[in-house]
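This report goes from the whole chain down to a single residue. Please keep the structure open while reading.

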Amino acid sequence: MKIMVAVKQVVALDEDFEFRADGRDVDPDFFIRDLNEWDDFSLEEAVKIKEAAANGATAATAPSAAAPAAEVVAVSIGPEEADDVLRKALAKGADRAVRVWDEAIEGSDPIAIARILAAVAKRESPDLLFAGVQSSDQSFASTGIATAAFLDWPHAAVVAKLDYAPGTARAVLRRELEGGLLHEVDIQCPAVLTIQLGINTPRYASLRSIKQAAAKPIELLSPADLGLTSSDLGEAGSASRVRRMSVPDKGRAQLIEGDVAAQADQLAALIREFKGESV
Amino acid sequence: MNSNDAVTRILFEQFSAAQVRLFYALGYAAIAIFFYGVYVQVRKYRRGAALALEGGVWSRFGDMVSTVLRHRTLDRRDHAAGGAHRLIFYGFVLLFIGTSTITLQYDILQPLFGITFWHGDFYLGFSLVLDVAGVMLIAGLVYMMVRRGWLKPPKLDYARPDRDPGDPDFDRPQYRREDWAFLWILIVIGGTGYLLEAARLVWLEARPDVWDTRWWSPVGALIAEALRGLGLSAHGGGTLRMGLWWLHGLLALAFIALIPFTKVKHVFTSMGSLMARDPLAAQRLPRIPESQATPGVTKITDFNWKQLLSLDACTKCGRCHEACPARAVGAPLSPRDVILSLREFAKSTLEYGPVPEAAELDVHGKSVGQVTQETLWSCRTCMACVEICPVAVEHVPIIVQMRRKLVEEGAMDPLLTKTLQTIHKTGNSFGESKRKRAAWTKALPFPVKDARKEPVDVLWFVGDYASFDPRNQKVTQTFATLLHEAGVDFGILFEGESNAGNDVRRVGEEGLYEVLATANIAALGTAKFNTLVTTDPHSYNTIRNEYPDFGGKYPIVHYTSFVKQLFAEGKLKVTTPLSYRTTFHDPCHLGRYNKGYEAPRDVLKLLGCELVEMGRNRANSFCCGAGGGRIWIPDPVGTEKPAQNRIQEAAAIAGLDVYVVSCPKDLTMFEDALKTTGNEGKFVVKELIELIREAIPARRTEAVTA
């Protein structure tokens, strides 16, 4: 049994930041990097399934009924800094870590990223592929589902509860719908699930365990290793392209005070100002 | 001068050879049981982890002897008990020496070399001394009985805050029974000693060597007179003497045999614990040895031998129980009960038979002898327990080492988990980006030097709270302005500074602490400076006491000492003396941890303030509740917080104007507590820095335009 978990290193910003020279992204100097919050939950879900399987295996009395060896593989697409989130994943209980990167991947949209993830999934052939519902920095909420499309696997989005016994062909899950409704779904494996926050309580990875995880290897793959060409990647392989990034103008609000006549005067002045007429 | 050989201690007179043999057999048996008990106890300690003590054995021995003889630690905060213990201790020691010298002559020197000294003046002098010693012993014991039976100080109540009534180990009645048995056996041994002495005098009243020198044993002589008055004959005295002799002797032998198995063993274990004392036990926490597979303490055998020994040194005196701020506000923690639980655990698992399987050695949990997570997370690592313990039990490292295991498992409050992740990500507990660390300098009308880029005389380690908390930033800006006006050449590390890690380490996240300490040491390594000054007592402690273990040795002072020096050098001058009635709260990490009691008080007096001490001050200062990472864990709703308890103490001072603090976390904690206790408007909480500013108003040209 194998579960592949797609993890992303996301960035956060504080109030002061600057845009990159080309205006299409924030200057990386201002990034505070971390593991995507949703991926923390999907990773935990995978590790929990693995641990439950391991406990079941030790409890099993018949030695011949060897439980399927459970494996969790964390996969990230990103530059070298992304090793941090993979190490965190290893510290939390992932068995292997794979990072895919090449300069050509820069500028990929979720479709292009999903193509790469699908290629990794074909290589790994997991029973389940978990992704977060979305990433906290770009919020496309489409990478996981697009990956399912490339693989032509069944998929379920916004999974809030999952019952899956390793080695079985189907998983039963509950999806979160609008208005607090739940969808209970029975899905055929292999499948792609995008995991919602709150499905579990992610464990804490102590710095000591992260340090120990640093000793474990992170497998580095290039697109070529996955049979992808430059036309599959970056802007060439994307369905969309970022044109510009900007901070929206701040709106303003003002309380008009005074008696009715004074209020009307002020309002008229504001309308004239808004139309650009001289007051 | 009396050099009459006949004036001597009557030992086995009128005993048959068989009786003497019986007594010796019993004596050897008692000693054998004693040594077997010692073996069992020593083996128990040796089943703990290894530890090499720093420093020489003899200096440790000398310190221990001095502490024991002066009863220095026993007198503190309980003079009556300390005094009574002193009577018992010296009485017991003298009686022990007296009995030993009899053995020395009778069993060793006389048979081997024919040397005798127990006669004449020496005997008479000694019998007087021992009679007085007996009175001391009994007087001390009587007071202790009165204390336990009638005074009943709350600290001697064994009811536990971390267990519920009905739990098998809720109030441990076996301890009470043992306490009373201990007092009674000693008092009966003492009492029968006097009666025996009196009976012997009556029995030998016809013998002038005995009778004429009787007043050298004044208590015995008095009782003898009384017994004679009641009609006791010499023959009756002889019979009584024989009976009492055996009773007294058997009780004494039983007492010796029981020492290693009962609370009596504290006479040895407390000396051992005092000898192994680490003067920086809480200030400098132990590193995790490279060889250790799992961090912290999981099994009882993960504690080192010294810790296991100190568990047995505890005398349940309750001083730590009384001092603990968590216990005071009803949290499920008493340092005493942590120690006693672990002691019971060690006793049940490590005293007899082979060491059990690892699973049976787990000290974490809710069973008898185990310590719960709630208990461990209640600790503020304020060091009040370690500081007051008369027998050098070091609770804080024990609790933190147990927490390390919980952190490794993630068994902690979700908000604490979040904070640790935030600190790892951003280097501060506020989750702000590193580059915002020095944002507070932007409001200043003068530039603050970047110590990484140019040499400075004074490098100021600002710390998290002072850098990011908006209320504290004002204080930080004021301090910078004061330094500027005093002409101090100072700088800061800007984004090179990270959380110092003091509290992260006390939470038990050792790996993160190492990351932070290493990062700060690297940043400090890029700066050229003469002195390190900090406004944060927590940073002060870890940089002063713990960074040296990571290769960072710096001359560091807390700002209170630094400012005092600026006043002494005339660089700061009070122009507008203040006339506030103030009280000062000693921050744990400045006061108890590093004995910085006087500098802030001296500065307050320099400013012209009246200082009224709270009952709990200096070494007995009451923690604000923020230490040990507790500032990141919410206190349970509906319970009193330590800071509120403290503010109420200050509110009892009539006419108080200002509650003075000198720690950023204190400012946050106590301003909050002032509001939540409804004391707002009665007095204010201020940083000492703010009072200094008031006493030295900025000249108009240099006024800060914030």
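## Domains of chain B

The bounds of a domain, as used here, come from an automatic or database domain assignment. The model itself is predicted. In chain B, the assignment gives domain 1 (17–42 + 193–276), domain 2 (289–412) and domain 3 (418–702). Between the C-alpha centres of domain 1 of chain B and domain 2 of chain B the distance is 40 Å.

These two domains also touch: 10 residues of domain 1 of chain B are in contact with 10 residues of domain 2 of chain B. On the domain 1 side, α1 (17–46) and α10 (266–275) of chain B each provide at least two of the touching residues. The largest share of that side is six residues, and it comes from α10(B). Sorted by class, the domain 1 side holds three nonpolar, six polar and one charged residues.

## Chain B as a whole

Chain B contains 28 helices and nine strands. Its C-alpha atoms fill a box of roughly 100 × 60 × 50 Å along the principal axes. Of the 706 residues in chain B, 45% are buried.

How much of the contact in chain B, at a separation of 6 or more, is between residues 24 or more positions apart? Such pairs account for 82% of those contacts.

## A parallel sheet

Four strands of chain B make an open sheet, in the order β7-β6-β8-β9, with parallel pairing. Its edge strands are β7 (610–611) and β9 (684–687) of chain B, and each of them pairs on one side only. Strand β6 (residues 581–584) of chain B runs parallel to β7(B) and is joined to it by two bridges. Across this pair, Arg581(B) is opposite Glu610(B), which belongs to β7(B).

Helices pack on this sheet as well. Helix α25 (residues 598–606) of chain B touches β6, β7 and β8 (658–661) of chain B, and its direction makes about 170 degrees with that of β6(B). Helix α28 (residues 688–695) of chain B touches β8 and β9 of chain B, and its direction is at about 85 degrees to that of β9(B).

## Where chains A and B meet

The contact between the chains takes nine residues from chain A and 17 residues from chain B. On the chain A side, β3 (32–35) and α5 (207–213) of chain A each supply at least two residues. The largest share of the chain A side, three residues, is from α5(A).

What classes of residue make up the side of chain A that touches chain B? That side divides into three nonpolar, one polar and five charged residues.

## One residue: Ser334(B)

Ser334(B) is in the loop between α13 (325–328) and α14 (335–350) of chain B. Is Ser334(B) buried or exposed? A residue is buried if 20 or more other C-beta atoms lie within 10 Å of its own. Ser334(B) has 27 C-beta neighbours inside 10 Å, so Ser334(B) counts as buried.

Leaving out residues up to four places away in sequence, Ser334(B) touches Arg160(B), Pro161(B), Asp162(B), His321(B), Cys324(B) and Arg327(B). Ser334(B) and Cys320(B) are 14 residues apart in sequence, and their C-alpha atoms are 7.6 Å apart in space.

Methods
Residues numbered from 1 in each chain as written. Chains lettered and ligands numbered in written order. Predicted model: local features only at pLDDT ≥ 70, side-chain atom pairs only at ≥ 80, totals over all residues. Pairing = 2+ DSSP bridges. Contact = placed C-beta atoms within 7 Å. Axes fitted to C-alpha atoms, helices over the stretch in contact; angles between N-to-C directions. Nonpolar A, V, L, I, M, F, W, Y, C, P; charged D, E, K, R; others polar. Buried ≥ 20, exposed ≤ 12 C-beta atoms within 10 Å, placed from the backbone.
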